[in-house]
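I opened my notebook today to look up a few strands and helices.

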Amino acid sequence: MKKIFALCLISAHLFAQKAPKNVIFLIGDGMGVSQIYAGLTANRGHLNLERIKVIGFHKNQASDNYVTDSAAGATAFATGKQTYNGAIGLDSLKVPSTTLLEMAEKKGLATGLVSTCDITDATPSSFIAHQRTRSMHEEIAGDFLKTDIDVVIGGGRKYFEKRKDGLNLVDSLRKKGYQVHSDLALDGVNKGKLVALYAEENPIKVMEGRGDALLYSAKKSLEILGQNKKGFFVMIEGSQIDWGGHANDADYIVTEMVDFDKSIGYALDFAAKNKETLVVITADHETGGFALMGGNMKTGEVKGAFTTKGHTGQMIPVFAFGPGSEAFAGIYNNYDIFTKIKQALQLGQK
């Protein structure tokens with residue numbers, strides 16, 4: 001009996017230590033603890049995030065500032081390097097650093113980027129581009145042509161079509177075999193390489209009628225990427241939680257937070273069924289110095305106050321679910337998330 005029990009323990013340990021084949025990395029831009037709790041309150045006391053048991057915190061300074069911006073924060077996630085505010089895929093000496101997405105491609109994994117902002121904005125671009133500053137949108141768009149990324153869904157169409165250099169990168173993408181769409185009418189797209197740039201610049205707010213664009217985009221990306229037998233890496237961003245903080249608008253924050261949580265729920269369902277997928281959820285920084293001054297779980301009322309229209313230096317929660325999730329407990333630096341995901345997917349050396 002003792003031998004059977006011991007074998008069961010060993011089997012359970014080996015299952016727990018099994019490396020994931022896929023990683024879904026969800027970033028709620030500007031999402032601190034208060035943003036999460038505000039969303040939970042507005043959603044009548046519950047979020048999908050509550051399903052997750054492994055929780056940690058990351059410290060998130062830029063190399064040149066105690067308070068990071070999205071570019072330095074996302075570059076730390078993507079490359080494992082602490083860098084200066086504004087840097088896209090570069091270290092603090094402005095040297096290009098290989099990203100998780102590029103490493104995943106090299107290993108033969110499918111890759112994707114999904115966002116509710118301009119796809120050449122700081123967070124998504126840090127995983128695919130290498131530019132001195134986040135404002136170089138056209139140069140960043142050009143970097144998309146230098147990779148074999150499989151799925152891209154977000155805004156920013158003008159940086160591909162209406163460029164100062166006169167190039168039409170949409171034509172270039174089609175020549176590379178991409179199905180290119182200017183909307184989210186993607187039900188007929190079930191395989192192959194996809195670029196959907198469904199807004200000229202940034203998609204509209206949930207409050208303005210964006211609907212379930214992020215959830216739909218997340219589902220479509222996983223439908224396509226999940227067909228790769230070697231696995232996949234995808235970054236899915238709930239971008240506009242950050243913008244609600246910059247606007248000091250509590251309603252904007254909670255509607256975007258609840259919207260982001262829908263994609264979290266879908267990712268968790270996918271991972272629970274798939275059993276080979278690690279889900280990691282965090283933010284690059286907190287925005288607004290958002291404080292909850294009152295609320296009502298039954299009615300969803302949220303009363304908030306703000307200390308700034310910019311970012312703050314708060315530690316940020318990290319949630320992890322699936323094989324390899326145990327590595328994300330504790331307190332560590334934001335650039336350690338790169339190392340943890342790299343090790344989980346067993347990616348090669350930089």
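Which residue in β8 is the bridge partner of I27? I looked it up and found T282. A reminder to myself: this is a predicted model.

**Strand β8.** I then followed the pairing around β8. Strand β1 (residues 22-28) pairs with β8 in the parallel sense, over 6 bridges. Strand β13 (residues 316-321) runs antiparallel to β8, and 3 bridges join the two. V279 has its bridge partner in β13, namely F321.

Next I checked how covered β8 (residues 277-282) is, and 6 of its 6 residues are buried. In a regular strand, side chains alternate between the two faces of the sheet. I sorted the strand accordingly: T277, V279 and I281 point one way, while L278, V280 and T282 point the other way.

**Helices α9 and α11.** I turned to α9 (residues 213-225) and α11 (residues 250-274), whose axes come within 8 Å and cross at roughly 25°. Angles under 35 degrees count as roughly parallel, so I noted α9 and α11 as roughly parallel to each other. Their crossing is right-handed. From α9, L214, L215, A218, K219 and L222 meet D259, F260, K262, S263, Y266 and F270 of α11. I sorted this contact by class and got 7 nonpolar, 1 polar and 3 charged residues.

**Helix α12.** Last, I asked how many of the 10 residues of α12 (residues 336-345) are buried. The count is 7, so the helix is largely enclosed by the rest of the structure. I listed them as I337, F338, K340, I341, K342, A344 and L345. Just after α12, I noted that Q346 takes a positive phi of about 55°.

Definitions and conventions. Residues numbered from 1 in each chain as written. Predicted model: local features only at pLDDT ≥ 70, side-chain atom pairs only at ≥ 80, totals over all residues. Heavy atoms only, no water. Buried < 20%, exposed > 50% of the residue type's maximum accessible area, 1.4 Å probe, protein only. Helix = DSSP H or I, 4+ residues; strand = E, 2+ residues; numbered from the N terminus. Pairing = 2+ DSSP bridges. Axes fitted to C-alpha atoms, helices over the stretch in contact; angles between N-to-C directions. Parallel < 35°, antiparallel > 145°, perpendicular 65-115°, else oblique. Left-handed = near helix turned anticlockwise from the far one by under 90°. Contact = heavy atoms within 4.5 Å. Nonpolar A, V, L, I, M, F, W, Y, C, P; charged D, E, K, R; others polar.
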